[in-house]
Amino acid sequence: MTFFLDEAPDPGTLTPRGPDRGPSSFVQGVGASFRSENLATNSNFRAQRETERVQRARTDVFVESLGRDQVVRLMQERGVLKAEAYAEPDEMRDISFQMEAFWMAQKMAAEGSPLVEGMDFSEEGIAAEANLALQKEYTQAQEDLALLPSGGVIAGFTGAIGSGIADIRQLPFLFAGGAAGGSFARIIGREAAINMATEAALLPDQFDMAERLDIPDPSIAGQLALAAVVGGVFGAAPAAAQRGYEAFKGRNAVPPSGARPAAESEAITDAVEDAL
């Protein structure tokens with residue numbers, strides 16, 4: 001989680017939004033924070049998905065430029081297994097066709113015989129275009145956050161928390177906490193430790209994204225401390241609610257009556273009268 005640790009962008013670097021756009025709304029702020037946190041933490045493998053998008057886009061360009069038949073013939077000449085199966089479009093086979101076509105174009109470009117002149121199929125070229133798109137998206141999200149009115153910290157916090165919850169990489173850690181009981185101190189400590197472990201596991205991705213986005217590296221101590229606080233608070237909240245509800249029920253429960261049944265009381269009275 002990087003929301004509270006990000007420095008506000010320099011107003012002089014922001015792109016003018018034009019007279020038709022005012023300050024960001026609450027919803028825009030939540031969305032911008034969600035996108036910003038997604039990018040800064042590589043939530044749901046955002047960088048890898050953008051890289052794959054660039055690869056597909058470049059592959060589509062050279063396949064359309066040469067024609068599918070010519071690409072298949074080149075595959076056959078280069079010994080691609082079952083290349084003839086790619087001759088006709090097929091939704092399932094087209095996934096592997098795209099991969100084979102990209103690898104072929106990449107190898108041929110590296111060998112000095114590019115399929116499309118001026119198109120860079122190297123890993124460095126693909127990464128550079130993907131990173132440029134990620135940087136543009138991150139800058140736009142930061143601009144929207146910077147234009148939130150005062151009090152917009154709630155929108156930013158909501159979006160950042162939502163991004164963390166929606167990250168599929170968090171799933172293994174969700175099963176580690178919340179089940180065991182104990183005192184509040186133990187619950188808070190356990191949930192804080194689990195959230196710190198989660199954050200530590202994701203820190204390498206955050207350093208990688210910092211390089212891709214050309215932003216400062218995350219603060220390890222700050223990230224872990226914030227993760228511990230958020231984990232402790234949110235982890236203890238359900239237990240606090242449950243115990244509060246049980247205490248409320250206990251205070252409002254009608255205590256069992258200590259009075260004797262009517263028949264028993266009458267029998268005791270008769271016995272006393274007989275004795276007298």
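Trainee: With which side chain does the side chain of Glu 199 make a polar contact?

Mentor: In this predicted model, the partner is the side chain of Gln 206, at 2.9 Å. Glu 199 itself belongs to helix H8, which spans residues 184-213.

Trainee: Which side chain of opposite charge is nearest to Glu 199, and how far away is it?

Mentor: That side chain is Arg 169, 8.6 Å away. A salt bridge requires a side-chain nitrogen of Lys or Arg within 4 Å of a carboxyl oxygen of Asp or Glu. Glu 199 has no salt bridge, although it is buried.

Trainee: Where in the chain do Tyr 86 and Phe 97 lie?

Mentor: Tyr 86 is in the loop between helix H3 (68-77) and helix H4 (93-110), while Phe 97 is in helix H4. The two residues are 11 apart, and their pair links distant parts of the chain.

Trainee: Are Tyr 86 and Phe 97 buried or exposed?

Mentor: Tyr 86 is buried, with a relative accessible area of 8%. Phe 97 is likewise buried, at 3%. The ring of Phe 97 has a further neighbour: the charged end of Arg 68 sits over it, 4.2 Å from the ring centre.

Trainee: Which residues do ring pairs link into a cluster?

Mentor: The cluster consists of Phe 62, Phe 102 and Phe 121.

Trainee: What does Leu 66 contact beyond its neighbours within four places in sequence?

Mentor: Its contacts are Val 71, Leu 74, Leu 115 and Val 116. Leu 66 lies in helix H2, residues 46-66. Between Leu 66 and Val 116 there are 50 residues in sequence, yet their C-alpha atoms are 8.5 Å apart in space. Leu 66 counts as partly exposed because its relative accessibility is 25%, and buried means under 20%.

Trainee: How many helices and strands does the protein chain have?

Mentor: The chain has 10 helices and 0 strands. Of its 276 residues, 33% are buried. Among contacts between residues at least 6 apart in sequence, 75% join residues at least 24 apart.

Technical notes
Residues numbered from 1 in each chain as written. Predicted model: local features only at pLDDT ≥ 70, side-chain atom pairs only at ≥ 80, totals over all residues. Heavy atoms only, no water. Helix = DSSP H or I, 4+ residues; strand = E, 2+ residues; numbered from the N terminus. Buried < 20%, exposed > 50% of the residue type's maximum accessible area, 1.4 Å probe, protein only. Phe/Tyr/Trp six-rings, centres within 6.5 Å; stacked < 30°, edge-to-face > 60°. Lys NZ or Arg CZ within 6 Å of the ring centre and 35° of its normal. Lys, Arg positive; Asp, Glu negative; His and termini not counted. Polar contact = N/O pair within 3.5 Å; in protein donor to acceptor, adjacent residues only side chain to side chain. Contact = heavy atoms within 4.5 Å.
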